[in-house]
Amino acid sequence: MKNIMLVCVAGMSTSLLVSKMQKAAQDQNIEADIYAIAEGEVEKVIATKMPDVLLLGPQVRYLKGSFEKKFQDMNFPIDVINMADYGMMNGENVLKQALTLIG
């Protein structure tokens, strides 16, 4: 089971992307828990649910450096979702990005 956390301003704008990623995972028989949360909830959620990867929406890309510093001991990759894939709500490509980062 892959645990994929998406972070955006309020956790709302990425909900459609989460649905499309879940569909892509289902189509590829990949077991994944994919969810979107607001930037202010990250620490609370990580305390109970350790992600395999954390993907930032383009609108919160500025958080990447501080999150990398804050969560450096937790050994999960942090990256920004490709802006074109985000804009097109391309769940398949964003899922591929997440899986590539997980390794």
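## Basis of the description

Buried means under 20% relative accessible area, exposed means over 50%, and partly exposed lies in between, with a 1.4 Å probe and protein chains only. This is a predicted model in which local features need pLDDT of at least 70 and side-chain atom pairs count only at pLDDT 80 or more, whereas totals for chains, interfaces and linings use all residues. Residues are numbered from 1 along each chain as its sequence is written, and side-chain values use heavy atoms, with hydrogens and water left out.

## Overall architecture

The protein contains five helices and four strands; helices (H or I, at least four residues) and strands (E, at least two) are DSSP runs numbered from the N terminus. Read from the N terminus on, the order of elements is β-α-β-α-β-α-β-α-α. The radius of gyration is 12 Å, close to the 13 Å that the globule rule gives for 103 residues, so the protein is as compact as a globular protein of that length. That radius is taken over C-alpha atoms, and the globule rule is 2.2 Å times the number of residues to the power 0.38.

The C-alpha trace spans about 35 × 25 × 20 Å along its principal axes. Of the 103 residues, 42% are buried. Contact means heavy atoms within 4.5 Å. Among contacts between residues at least 6 apart in sequence, 71% join residues at least 24 apart.

## Helix H1

Helix H1 covers residues 15–27, and its 13 residues reach 18 Å from the first C-alpha to the last, close to the 18 Å expected at 1.5 Å a residue. The expected span of a helix is 1.5 Å times one less than its number of residues. Leu 17, Val 18, Met 21, Ala 24 and Ala 25 are the buried residues of H1. Seen down the axis of H1, these buried residues fall within an arc of 125°, so they line one face of the helix; the arc is that of the directions from the helix axis to the C-beta atoms.

The cover over the buried residues of H1 includes strand S1 (2–8), strand S2 (32–38), H4 and helix H5 (91–102). Gln 26 and Asp 27 are exposed on the other side of H1. After H1 comes Asn 29, with a positive phi near 55°.

## Helix H5

H5 has 12 residues and reaches 16 Å from its first C-alpha to its last, close to the 16 Å expected at 1.5 Å a residue. Its buried residues are Gly 91, Val 94, Leu 95, Gln 97 and Ala 98. Seen down the axis of H5, they fall within an arc of 155°, so they line one face of the helix.

The buried residues of H5 pack against S1, H1, S2, S3, strand S4 (78–80) and H4. Lys 96 and Thr 100 are exposed on the face of H5 turned away from its buried side. H5 is followed by Gly 103, whose phi is positive, near 90°.

## Salt bridges

A salt bridge is a side-chain nitrogen of Lys or Arg within 4 Å of a carboxyl oxygen of Asp or Glu. By this rule the count comes to five salt bridges. One of them joins Asp 27 to Lys 23, with the closest N and O atoms 3.0 Å apart. Both residues lie in helix H1, four residues apart, about one turn of the helix. Asp 27 counts as exposed at 52% relative accessibility, while Lys 23 is partly exposed at 46%.

Helix H3 (residues 64–70) holds Glu 68 and Lys 64, also four residues apart, and their side chains meet in a salt bridge (3.3 Å, N to O). Glu 68 is partly exposed, with a relative accessible area of 36%, and Lys 64 is partly exposed at 25%. A further salt bridge links the side chains of Glu 41 and Lys 44 (3.0 Å, N to O). Glu 41 is partly exposed at 32%, whereas Lys 44 counts as exposed at 55%.

## A buried charge without a partner

Asp 85 is found in helix H4 (residues 83–87). Asp 85 is buried yet has no salt bridge, and Lys 96, the nearest side chain of opposite charge, is 8.4 Å away. Lys and Arg count as positive and Asp and Glu as negative, while His and the chain ends are not counted. Not counting residues up to four places away in sequence, Asp 85 touches Asn 90, Asn 93 and Val 94.

## The loop at Met 50

Met 50 sits in the loop between helix H2 (42–48) and strand S3 (53–56), and counts as partly exposed at 41% relative accessibility. Leaving aside neighbours within four places in sequence, Met 50 is in contact with Asn 3, Met 74 and Phe 76. Met 50 and Asn 3 are 47 residues apart along the chain, and their C-alpha atoms are separated by 7.5 Å.
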